[in-house]
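This briefing collects computed geometry for one protein model, grouped by topic. Please read it alongside the sequence and the coordinates.

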Amino acid sequence: MHQGVKQDEPIVILTGAGISKESGLSTFRDADGIWATVNVEDVATPEAFAANPVRVHDFYNQRREALQREAVQPNAAHEALARLERDWPGGVLLVTQNIDDLHERAGSRNVIHMHGELLKARCGFCDHVQGWRRDLGTDTACPACGRAGRMRPHVVWFGEMPFMMEAIAEALYTCGLFISIGTSGNVYPAAGFVATVREAGEARTIEANLEPSEGASHFHEALYGPASKTVPELVERLLATVA
Ligand SMILES: [Zn+2]
């Protein structure tokens, strides 16, 4: 089943909204998602923050509060990926488009949040980043430099560069297996990762999705169904090959 994936080869996993939806979090881009009711341009761009910071803070304060509700917990897919990181000899890098902390709560440690993290705040004066669970406002002072008025969610807005793209590219070039989970395949640059992997060499590629993504034809193998079912099965199969 996994010809070519040796246990000493690194695995890179990309996750998107589909993995968090089953944990009770609203997605941004689905037909019934957040962007169906809120304009991106009003809350998720640097221009929106400059024009109406209160509106932007309100929006992300709601998201931050929703993420910390008791009902929102990592699901079987998050748990399985944490187990794969622990038990796969070649190492696992998890690259997520999600801004929630469900991978970390499940136990994953080697995680890149390419679109930032909802539970962190950043100061626009001194660039200090730190964990943040409360509301942010226009009068919130930076814990590092003390200046107020420029604290913002540590998330990547439309028009901003995703984080750690060089490290991600390096990992894509050198992995033995690339797995894409719960992504629509139409949000760049993440949608281009599978093409990068295919260009780079012989790595195997698998997508696990509710339905075929827009990039489905680029993958060697596809697993369709809820991530909470397909991902634990896939992890089971991979770990069964570990001597
Ligand atoms: Zn500061």
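What distance separates the centres of domain 1 and domain 2, taken over C-alpha atoms? The separation is 27 Å. The model is predicted: local features need pLDDT of at least 70 and side-chain atom pairs count only at pLDDT 80 or more, while totals for chains, interfaces and linings use all residues. Residues are numbered from 1 along each chain as its sequence is written, and side-chain values use heavy atoms, with hydrogens and water left out.

**Domains**

- The domain assignment gives domain 1 as 11-24 + 74-115 + 162-239 and domain 2 as 34-71 + 118-155; such bounds come from an automatic or database domain assignment.
- Seven residues of domain 1 are in contact with eight residues of domain 2, where contact means heavy atoms within 4.5 Å.

**Zinc site**

- The protein donors of the zinc ion are the SG atoms of C123, C126, C142 and C145, at 2.3 to 2.4 Å from the ion.
- Donors are N, O and S atoms within 2.8 Å of the metal (3.2 Å for Na, K and Ca); water is not among the atoms, so sites may look incomplete.
- The arrangement is tetrahedral because the four donor atoms subtend angles of 103 to 116° around the zinc ion.
- Four donors count as tetrahedral if all angles lie between 85 and 135 degrees.
- Along the chain, the donors follow the spacing C-x2-C-x15-C-x2-C.
- Helices (H or I, at least four residues) and strands (E, at least two) are DSSP runs, numbered from the N terminus.
- Both C123 and C142 are buried, meaning under 20% relative accessible area, with exposed being over 50% and partly exposed in between (1.4 Å probe, protein chains only).
- C142 counts as buried because its relative accessibility is 3%.
- Leaving aside residues up to four places away in sequence, C142 touches C123, C126, H128, R147 and M151.
- The C-alpha atoms of C142 and G124 are separated by 9.0 Å, with the two residues 18 apart along the chain.

**Aromatic pairs and cluster**

- A search of the whole structure finds seven aromatic pairs.
- Rings of Phe, Tyr and Trp (its six-membered ring) pair if their centres lie within 6.5 Å; planes under 30 degrees apart count as stacked, over 60 as edge-to-face and the rest as tilted.
- The pair of W35 and F158 is edge-to-face because the planes are at 70°, with the ring centres 6.1 Å apart.
- W35 lies in the loop between helix 1 (17-21) and helix 2 (40-43) and F158 in the loop between strand 6 and helix 7 (165-174), so this pair ties together parts that are 123 residues apart in sequence.
- W35 counts as buried at 19% relative accessibility, whereas F158 counts as partly exposed at 34%.
- F49 and W157 form a tilted pair, 5.2 Å centre to centre with 45° between the planes.
- F49 is in helix 3 (residues 46-51) and W157 in the loop between strand 6 and helix 7, so their pair ties together parts that are 108 residues apart in sequence.
- F49 is buried at 14% relative accessibility, and W157 is buried with a relative accessible area of 2%.
- One aromatic cluster is formed by F28, W35, F49, F59, Y60, W157 and F158.

**Charges over rings**

- R152 lies over the face of W157, at 3.7 Å from the ring centre.
- R63 lies over the face of F59, at 4.8 Å from the ring centre.
- A charge sits over a ring if NZ of Lys or CZ of Arg is within 6 Å of the ring centre and within 35 degrees of the ring normal.

**Backbone geometry**

- Most residues other than glycine have a negative phi, and most peptide bonds are trans.
- The peptide bond from Y188 to P189 is cis, with omega near 10°, and P189 lies in the loop between strand 7 (177-181) and helix 8 (193-200).
- D127, not a glycine, has a positive phi of about 70°.
- D127 is in the loop between strand 4 and strand 5 and is exposed, with a relative accessible area of 55%.
- M164 has a positive phi near 60° and is found in the loop between strand 6 and helix 7.

**Helix 9**

- L234 is in helix 9 (residues 227-239) and is buried, with a relative accessible area of 4%.
- The C-alpha atoms of L234 and I179, residues 55 apart along the chain, are separated by 9.9 Å.

How values were computed
Tetrahedral: all angles 85-135°; square planar, octahedral: opposite > 155°, others 65-115°.
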